[in-house]
Amino acid sequence: MPMTEPWIIVGKGPAGLLAASLLLEQGHRVVVVAKGQGSLPLWSGALDFYSWDTKQHPVKAPYDHADHLSGLSLNREQWQAGWEDWRRILQKVGVQTQVSPDHENLLSPTLSGVLVPRYLVPEWQYAVTDPEPVTVVSWDGILDLDLHLWAERYQQHTKMAAKTIQRPGPQGWTARWTPLHWAGYLDSESGRRWLADDLEAALDDTFDQCPVLVPQIIGIRHTEEILSDLRVRLGRPVKEIPLIAPCLGGVRIAERWKEYLLGHGVRFVADEVVGVDGFGVQLATGGALSGRVVLATGGVLGGGFRLQWDRTVINTATGQSIAWSGKPEDLSCIGVSDANSLWGVVGRSAGGWDGDRHGGAGHVLGTVLAWVNAMHEEVYCAAR
Amino acid sequence: MLHDDACLKCSLCITACPVVRVDPLFAGPKAYGPEWWRAHEARDAFDTDPHVDDCTFCQLCEAACPADVPVAHLIAQHKDHHRKKRPQLKRFRDFILSHPHWIGRLPFSPRKVSAVVAKMAQMSSHADFPVADRTKFHSGRPYGENIPTVGLFVDCFNRSYGGEVVAAAERVISRLGYQAVLMPSQPHCCGAAAYASGLVDEAQRIAQDSAHALRETPVETLLTLNATCDGTLRDEWPKYFSLSLPGTRVLPWTDWVLETATADFWSQFEETNEAVWVHTTCRGKVAQGEGAMEEFVKLANGQPLPLGIACCGAAGSYAFKVEHEDAAIQLGIKAKEAVHRQGHQAEAMIVDSGTCALHLAQYTGLFTMHPALWLGRRLMQAQSLDKKAEVSNLCE
Amino acid sequence: MRMKWGKWLMVVVIGAGATGLGVAWDLMLRGVPVAVLDQGDLGHGTSGRFHGLLHSGARYVLTDAVAARQCQTENLRLRQVAAPYIESTGGLFAASPDVSENLVQNWLRGCHDAKIPVAPASPVQGMNAQWKRIYEVNDGVINGYQLLQALARGIRQGGGQILTHRRVVGARPMKGKIHTIVMEGPDGLEEMRADAVVNAAGPWAGHVASLWSDPLPLTLSRGIMLLFSHRQTPKVINRLDVPGDGDILVPHHHISIWGTTDTETDSPKAPTPSHAEVAHLMERGLAMFPDMGEWRVLRSFSGVRPLYRAPGNLARETRHISRDFVVLDHPLKGAFSVIGGKWTTYRLMAEQVADRVAAYLHYATPCQTGAVPLPLANAVGVGADPLLCECESVSKSQLRAFEGLSLSDLRTRTWFGMGPCQGTFCGHRVMQWRSHQIGEEAASKELAAFREERERGMCAALWGDNAVEWLLQRNIRFQSLGESQRADD
């Protein structure tokens, strides 16, 4: 049922791309207007949902705590269906994910060896329901992953053994390599050969059934292929531990997602939205686009809001100033009550939810779901 | 530059950079742009890095920045400061390549540069060079008084090597009920080539001349046939050169056609579903985004196949320089891989830059062209079909 | 408890700031054995919390001619003896349109009287175009931490001791003279024999003097400063007026510091700036630099000035207390206190203190600090190893030169974590390196304290890209790194 009026999604972070994909599936025409890259490459690619309880312990069963996001008024079944939506879209985009068989959080180690709960985890990333002994291999110059510390924390956290192997980098490596340099090299034929040879030489028979964990540097385009080749060659699974931003997991997802949308006729306009009304958006370069608008401009991080020294906050898309208590912890939910019936707001916390501390994918999904479900009748507005 | 100090260190610029993925010695946009700049500002004689020249100036880093840091333009400053450390021969070569409007006037245009010449001129003996296209593109028709007029910016490349493209663009414009004034009347460069090589002052001079020439014929709308010139004229001139074309709206020819053409226009194209690869150049992505050419192909009843690469490695004169051979080849191979990955579904590709088309043709083996040429050809097909239909109607 | 130090004559200096280290360096050059104690690291107090301005004295010509003259003399002298740690930026004084011509003429006369060279100048980029009366003087920038380290190096090379992280908790007399200093360090209580003690504890000088029960006429005043991530101007910029709030902009290496305020406070501990104070500073700043609201702010911090309230000075505002200094001796023989003064005049203060101490100990050697240059910093090669801190270019080999120091002390030595990202991308890397020396648990605690300190400064200036950075930092800390404990949890 193609419609003449397109949907204009402002922002291309996870919320924007998810909203665009769901609309596309329903046969709508979609235009994404965004300045910048979107925040996906700051993510490892694993999607968390209500990761921590108030005492900072990982929580395994996410739905029991959904009341903390009560502004979304979605029940357990709706949530689960939403996750399945997201999972399906990632699959279409070309990213396979793992979920726990009982629909609880999986546990996945961070680069500092601490286990954190994640709901939806791309296949390349290591995640389990029950911790097991592991072998971790890293290479010189991958600054963020300190094997000694990682193993110490992993053992403390899981009571499981972790064997560590530190290797020198390949020929041509320089001290200024970022994960993107590694990825470019490992995506190439020579890089793949080097990696397989080096891992084979590094591993011995200890824990020979256990998975081999490596830092998240295994290419961008050929990751899954490389990892499955390694599994065959080494006889044990090889999985990644996500690193700090720039995260290759997010880069892989962002690139494939954008390609998928482009291939399905979505247009990306590189511009900044400086005004919104019932008919569409005004652009910084002077043009305008008409259509129904969804603001997925993210929070302060995504550029949706600009804080000023006098404590006023400007919604960059509408140009309007909005209220902020001045308390840093309230930043995650500014602007939600700003939602006007003329446009939707997705990807923002539904009030009092500290996404940075407790996990942010939950409110991305919650708000997108709520809005997509309600889109024909009424536009989602959480804080009212 | 207001936001040159706003870097968040988030590294999104590095994720957008095509060069870091193929060049192990290129430290990346964050290091060469904002980090270098901050150190340079604090200590005047801060060291430059020779590998800053490996940057293609695709500007994807700058477009990716969430804090509006002019990353690419800081890198251009870095290149400019590094200029004096380059060998004499390369400096001379860069100066010549910074004036593409001179090169177009050369009486020769070989497809390849011989090894001897390559070495002498520090040029790549691997890259394909453009061959002159003497197609006469000006219709020669006098401008009509009552016909709405648009300016058509004839860039250095198309002026010398893309006559057919300009002619096709003109033909479509007139089919849409407008007439095109070709601008500027004499060859002028927008300054992009010099800026990309880090000749910042020279770029300013070249752009100034060009702006002067363009202001001679005031138009309300100026259409561009190359994404780099498009971004330079519209976005970089006011921001970095303090130049403007008052009262003139600059936009890509493709976008103007999308805006102007009615359903009637599009309905003349037969539903052949002819597949065609689409590559929006890096500079096109920065200036306009992506998906416009795909929409364009779809409306003309073709089937667009987005290529899905960031920068092809041509980057103006980048691939012509001997020191960039390796990076340009690696990036070209990525384009080939992209075609291969998606199954070799079409023989032709449309791309909004002449040098990129040349480079992509070399690496993918596809027939590459500007969307104007593609549409122009479909238009001719449609017209001949129309004629056939007329003829058959008459026969009946 | 056992006697650990000091079999010979010994002068103990309390406070490893500019004054304390300056006194120790001075005494050492006269041949007097010295030891410097500090409750924190070098520059733990006011010396590590200033704007970095090397005064020409022009700021004080309207209100304090003595201070102005002292500043000018010391300014020229420090350029001689501490050249590697001084940046000769020059400074501008710009008068707003509201300032009377009369005041400007008085100021010019004052500069002339104080022998401060003045020349008309043109404005720098970004300055309010209405501010047309602009003059240049020989202001400069002091690289405070580096200068302190140079002093410390000189003292150590000459055989003096510097004991950081030791809090003085007692002073024991014998026959009316100072005899022993008791301090609390990382290994518990320690004692040190002292033939004389110099209380150069800055804002803590009152606490120290109370150990020998002699209250000091000390008034504390706090000043707020704002840090911008970039070097906004090539020169120091001052407001040409009677000294007030928000009237100095100092380009300090990569960054710029905008200050300051002046309000009385009762605690020597530097407080977190309030929003009202920061807003006040911004309002003052915008008058001079209309774009200041767009500058990339990094953080806000405060410092506490120890001011000497002369008998009879009943000024209600701390601003009207002179920036002059005073050296006092106490009924307890051999105990001296120095209060007041400014960074720029630290050498002069040190000289006068050392004169008194030397006289008390019957040392006849005169002061040499006006002629002997400070030792150079050890060159630490950046090397080919990767940068842990990209903002300030700090590599692992640089950290190795300071092995054994805590995360927060490493920060002030190497400057890691001080740039635009405020430790977002390097805090955990340095912590990892540190954990190899002290173990995971202790290193995690140091990281938490480091985060807390950085966060406090950032949140005091939470706008623009600094707010974005702060959110990014939280995201990375809690999501990517799994840091779940906060120092205050």
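The contact between the two chains takes 36 residues from chain B and 34 residues from chain A, where contact means heavy atoms within 4.5 Å. This is a predicted model, in which local features need pLDDT of at least 70 and side-chain atom pairs count only at pLDDT 80 or more, while totals for chains, interfaces and linings use all residues; side-chain values use heavy atoms, with hydrogens and water left out. Residues are numbered from 1 along each chain as its sequence is written, and chains are lettered from A and ligands numbered from 1 in the order in which they are written.

Chain B and chain A bury about 2,700 Å² between them, 52% of it from carbon and sulfur atoms. Buried area here is the accessible area (1.4 Å probe) that two parts lose on being put together, summed over both. On the side of chain B, T15(B), R21(B) and E290(B) supply 22% of the area buried against chain A, more than any other three residues.

Side chains of opposite charge can pair when their charged atoms come close. Six salt bridges are found across the interface of chain B and chain A, a salt bridge being a side-chain nitrogen of Lys or Arg within 4 Å of a carboxyl oxygen of Asp or Glu. One of the salt bridges joins the side chains of R21(B) and E255(A), at 2.7 Å from N to O. Between chain B and chain A, eleven residue pairs are in polar contact, both residues at pLDDT 80 or more. A polar contact is a pair of N or O atoms within 3.5 Å; within protein, one must be able to donate a hydrogen and the other to accept it, and residues adjacent in sequence count only if both atoms are side-chain atoms. The side of chain B that touches chain A has 18 nonpolar, six polar and twelve charged residues. In this division Ala, Val, Leu, Ile, Met, Phe, Trp, Tyr, Cys and Pro count as nonpolar, Asp, Glu, Lys and Arg as charged, and the others, Gly among them, as polar.

Strands also pair between the chains. Strand β11 (residues 267-270) of chain A and β6(B) pair in the antiparallel sense over two bridges, with F268(A) opposite E290(B). Helices (H or I, at least four residues) and strands (E, at least two) are DSSP runs, numbered from the N terminus, and two strands pair if DSSP finds at least two bridges between them.

Within chain A there are two domains, domain 1 (7-91 + 251-374) and domain 2 (126-241); the bounds come from an automatic or database domain assignment. Seven residues of domain 1 of chain A are in contact with ten residues of domain 2 of chain A, and the two domains bury about 710 Å², 30% of it on carbon and sulfur atoms. In domain 1 of chain A, R252(A), E255(A) and R256(A) lose the most area to domain 2 of chain A, together 64% of what that side buries. Four salt bridges are counted between these domains. In a salt bridge between E224(A) and R256(A), the closest N and O atoms are 2.8 Å apart.

Chain A also holds an open, antiparallel sheet of three strands in the order β16-β17-β18. Its edge strands are β16 (305-307) and β18 (321-322), each pairing on one side only. Three bridges join β16(A) to strand β17 (residues 313-315) of chain A, and F305(A) stands opposite N315(A).
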